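I opened my notebook to get to know a structure that was new to me. Come along and follow the entries as I look things up.

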Amino acid sequence: MSVTSWFLVSSTGIRHRLPREMIFVGREDCELMLQSRSVDKQHAVINYDNEKDEHWVKDLGSLNGTFVNDVRIPDQKYVTLKLSDVIRFGYDILLLML
């Protein structure tokens, strides 16, 4: 098991530690809450694969989409996240880092 901690970092420098479990991203009642009108109440989910030590992101059919490195990811399909990926939920941009 990895001892590495992964974070999502906002453009203002706010760090969100990614746990080794599933979290929901959105405006309301989510583990990672983003206060943006472009983010749905439950916008996306980030999951962790213990065997591969990887985080995955999946859009939950949001109106404004989830993007990884400026490419909109398909609804309801997991995409593997890598170090320095730029993730955008609607118009909120976060950077994946150690």
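**Entry 1: Glutamine 42**

I started with glutamine 42, which is partly exposed, with a relative accessible area of 42%. A reminder to myself: this is a predicted model. I found glutamine 42 in the loop between E4 and E5. Which residues does glutamine 42 touch, not counting residues up to four places away in sequence? I listed Phe24, Val25, Gly26, Asp29, Cys30 and Leu60. For glycine 26 I also looked up the C-alpha atoms: those of glutamine 42 and glycine 26 are separated by 4.5 Å, while the two residues are 16 residues apart along the chain.

**Entry 2: The open sheet**

Next I traced an open sheet of five strands, with mixed pairing and the order E4-E3-E5-E6-E9. Strand E4 (32-33) and strand E9 (79-80) stand at the edges, and each has a single partner strand, so one side of each is left without a neighbour in the sheet. I then checked strand E3 (residues 23-26) against strand E5 (residues 44-49): they run antiparallel and are joined by three bridges. Valine 25 has alanine 44 in E5 as its bridge partner.

**Entry 3: Lysine 58**

I moved to strand E6 (residues 54-59), where lysine 58 is found. Is lysine 58 buried or exposed? I noted that lysine 58 is buried yet has no salt bridge. The nearest side chain of opposite charge is that of aspartate 59, 10.0 Å away. Leaving out residues up to four places away in sequence, lysine 58 touches Ala44, Val45, Ile73, Gln76, Lys77 and Tyr78.

**Entry 4: Strand E11 and its partners**

Then I turned to E11, which covers residues 92-97. Strand E1 (residues 6-10) runs antiparallel to E11, and four bridges join the two. Here phenylalanine 7 has methionine 97 as its bridge partner. Strand E10 (residues 86-89) also pairs with E11 in the antiparallel sense, over four bridges.

**Entry 5: A nonpolar patch**

Last, I looked at the surface. Which residues form a nonpolar patch there? I wrote down Leu83, Val86, Ile93, Leu95 and Met97, with about 370 Å² of accessible area together. Strand E11 gives the most to this patch, with three residues. Methionine 97 is found in strand E11, and methionine 97 counts as partly exposed because its relative accessibility is 30%.

Terms used. Residues numbered from 1 in each chain as written. Predicted model: local features only at pLDDT ≥ 70, side-chain atom pairs only at ≥ 80, totals over all residues. Heavy atoms only, no water. Patch = residues over 30% accessible without salt bridge, like charges linked within 9 Å, V, L, I, M, F, W, Y side chains within 5 Å. Areas by Shrake-Rupley, 256 points an atom, 1.4 Å probe, with all protein chains shown as cover. Salt bridge = Lys/Arg side-chain N within 4 Å of Asp/Glu carboxyl O. Buried < 20%, exposed > 50% of the residue type's maximum accessible area, 1.4 Å probe, protein only. Lys, Arg positive; Asp, Glu negative; His and termini not counted. Contact = heavy atoms within 4.5 Å. Pairing = 2+ DSSP bridges.
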